[in-house]
Amino acid sequence: MAKVKVTDYIVQTLIEHNIDTVFGYPGGSICHLMDSLYNQVPRIQVRINYHEQASAFAACGYAQTSGKLAAVFATSGPGATNLVTGIANAWYDSLPVLFLTGQVDTYALKSLLKPNIRQYGFQETDIISMVKSITKYSVQITSAQNIVDELHKAIYIATTGRKGPVLLDLPADIQRAYIQAIPQNQVPSNEPSSTSNFTTSVVHALSTAKRPVVLAGAGINQCGLRDAFRTFVAQWQLPVLTSMPAVDLLAYDNPLHCGFIGVNGHRYANMILAKSDCVLCLGTRLDLKQIGLKRNFFTGAPRVLRVDIDPEELNYAVTGQETNFRVDLKKFLKTLNVLSPIINPQRSTWLSLTQDIKKQLEFANDNEPIHAYLRKISSLIIPQITYTLDVGQNEGWAAQSLMLKNNQKIIMSAGLGTMGYALPAAIGAYYATQNPVVAIVGDGGLQMNIQELQFIATYHLPITIILCNNASLGMIRQFQENNFQARYFMTTAHTGYTVPNFEKVAQAYGLNYKRINNSREITSVPLDNPNIIELKLSEITYLQPSFGETLLYDQEPLLDRNLFNHIMRK
């Protein structure tokens with residue numbers, strides 16, 4: 001059997017796993033992998049970002065949009081450490097990303113030489129120890145032949161069960177070595193054994209409930225189950241509430257779509273949840289921003305059913321009385337979708353009530369002009385696209401206001417909540433779909449990875465950037481106003497935070513630019529070219545509503561008491 005270079009074997013394996021685009025940044029200790037990638041173009045495309053963090057975010061955006069395995073490389077030392085934020089993002093959002101880091105030659109590794117020194121090889125850094133807690137699997141390859149088993153093992157682990165990132169650290173002498181590409185060992189399955197009685201229990205709960213809801217999370221999109229989910233809720237006529245990252249599961253005008261819950265969730269969504277008598281949780285981990293500090297108060301429903309593949313999530317109780325099913329969502333939906341639903345006669349009354357509540361509260365936040373901007377923009381965008389959202393006020397505004405169509409998606413940095421995500425993630429989303437992307441960012445988030453405008457300009461990608469510019473770090477400014485008697489510091493132009501002239505920035509990168517001063521000026525949204533559309537906002541802007549002091553559904557600022565009591569009595 002002929003021998004093959006280790007990095008050639010890695011690249012061939014990536015191609016065999018349908019990876020068509022790899023993101024990364026050059027460096028000395030990763031050059032052998034880069035050369036092997038070069039030899040396989042155009043079977044696999046290699047895209048250079050302008051910062052390793054952006055490469056990691058682009059890979060996350062690729063995986064998040066497509067549901068497929070993504071790959072990213074960086075050199076040793078600072079290259080590897082610059083990936084860490086992206087690795088953490090993939091971990092918290094359960095994204096299957098293979099990280100490949102260069103490393104010094106094995107003979108220069110202090111971990112093998114065992115000296116009691118801080119560093120031996122130039123740019124030597126123990127990346128494995130750094131990322132152990134934020135990867136499903138991470139290992140340094142110190143024997144060339146081990147790459148065969150370790151590579152296939154890492155890919156398997158990243159893409160099965162609850163998905164997530166893996167990392168292989170590749171010393172330079174291992175990369176340039178030659179091996180026998182013998183078949184890899186069989187990787188033992190870590191798939192959960194399904195709970196046997198979920199069908200009977202769930203069918204009984206849904207059939208007898210008078211006011212059931214489905215609380216759906218991003219796990220449904222990550223598993224590629226959007227169509228199966230839509231079939232399920234349509235057959236059973238179930239109102240759908242979502243987490244913020246899953247707000248795209250149903251079209252905005254779908255009568256089953258009842259908004260997203262949580263700290264900055266739709267008021268009507270939180271109130272509908274409070275009025276339900278059965279909550280079926282699918283693909284959602286019920287985190288702090290969704291249900292608040294007092295987990296057992298997030299709903300008064302007597303029945304809460306939780307379906308999750310991760311036993312640790314199920315072990316973290318919510319009400320303490322919920323019924324848990326450790327089962328793969330694919331099997332769950334496949335099983336339920338072949339059954340004939342039994343629907344309680346009161347279901348139609350409940351559906352009418354949910355839509356009535358939604359209509360009464362739908363535009364409750366319209367004191368901020370940004371909502372009119374975003375509704376107008378999204379109403380004009382018809383084609384199949386992906387929205388990428390950054391972190392901050394812009395993320396909440398977009399989730400609250402975008403009028404999404406059936407063929408449109410939203411991705412964001414949900415668990416880690418990292419600024420600077422939307423722009424490089426938009427790059428990954430484009431390569432995953434080959435469709436236009438709209439990135440919604442704040443002035444702060446754009447500056448975090450502003451160098452990726454060069455990437456967009458170089459490849460002339462159809463990415464339109466909607467820049468929500470309030471010339472401040474608005475989320476923190478709002479927090480300072482509410483909690484520190486408006487003692488602003490490092491958040492406004494007068495206290496240390498400043499923004500550039502974004503029109504001149506666009507000109508420097510050769511991008512189309514337009515400034516919008518009111519929603520009437522929005523008559524079309526160009527999608528075929530790189531664009532920056534700047535929405536001018538007042539520095540004093542707010543993201544509302546937020547959690548109330550005790551009840552999830554009684555958010556601040558408080559709703560008019562007569563209207564609140566009227567809705568809750570229905």
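Angles between axes under 35 degrees count as roughly parallel, over 145 as roughly antiparallel, 65 to 115 as roughly perpendicular, and the rest as oblique. The model is predicted: local features need pLDDT of at least 70, side-chain atom pairs count only at pLDDT 80 or more, and totals for chains, interfaces and linings use all residues. Residues are numbered from 1 along each chain as its sequence is written, and side-chain values use heavy atoms, with hydrogens and water left out.

Helix H18 spans residues 370–380 and helix H19 spans residues 393–401. Helices (H or I, at least four residues) and strands (E, at least two) are DSSP runs, numbered from the N terminus. The axes of H18 and H19 come within 9 Å and cross at roughly 55°. Such axes are lines fitted to C-alpha atoms, for helices over the stretch in contact, and angles run from 0 to 180 degrees between N-to-C directions. H18 and H19 are therefore oblique to each other. Their crossing is right-handed, meaning that the near helix is turned clockwise from the far one by less than a right angle.

On the H18 side, Ile370, His371, Leu374, Arg375 and Ser378 take part. They meet Trp397, Ala398, Gln400 and Ser401 in H19. Contact here means heavy atoms within 4.5 Å. By class, this contact of H18 with H19 has 4 nonpolar, 4 polar and 1 charged residues. Ala, Val, Leu, Ile, Met, Phe, Trp, Tyr, Cys and Pro count as nonpolar, Asp, Glu, Lys and Arg as charged, and the others, Gly among them, as polar.

Buried means under 20% relative accessible area, exposed over 50%, and partly exposed in between (1.4 Å probe, protein chains only). The buried residues of H1 are Val6, Thr7, Tyr9, Ile10, Val11, Thr13, Leu14 and Ile15. Asn18 follows H1 and has a positive phi, near 65°.

In helix H10 (residues 198–208), the buried residues are Phe198, Val202, Val203, Ala205, Leu206 and Ser207. They pack against helices H12 (226–236), H16 (329–337) and H17 (347–361). Strands S12 (278–282), S13 (303–308) and S14 (323–326) are also their partners.

## Nonpolar cores

A nonpolar core is a set of buried Ala, Val, Leu, Ile, Met, Phe, Trp, Tyr and Cys residues joined through side-chain atoms within 4.5 Å. The largest one has 50 residues. Within it, Val97, Phe99 and Ile465 touch the most other members. Helix H20 (residues 422–433) gives this core its largest share, 8 residues.

Ile465 is in contact with Leu423, Ala439, Val441, Leu453, Ile456, Asn531, Ile532 and Ile533, leaving aside its neighbours within four places in sequence. A second, separate core has 33 residues, including Tyr137, Val139, Val148 and Leu151.

## Backbone features in loops

Gln434 is not a glycine, yet its phi is positive, near 60°. Gln434 sits in the loop between H20 and strand S17 (437–442). At 48% relative accessibility, it counts as partly exposed. Ala486 has a positive phi of about 60°. Its loop runs between helix H23 (474–483) and helix H24 (502–509). Ala486 is partly exposed, at 33% relative accessibility.
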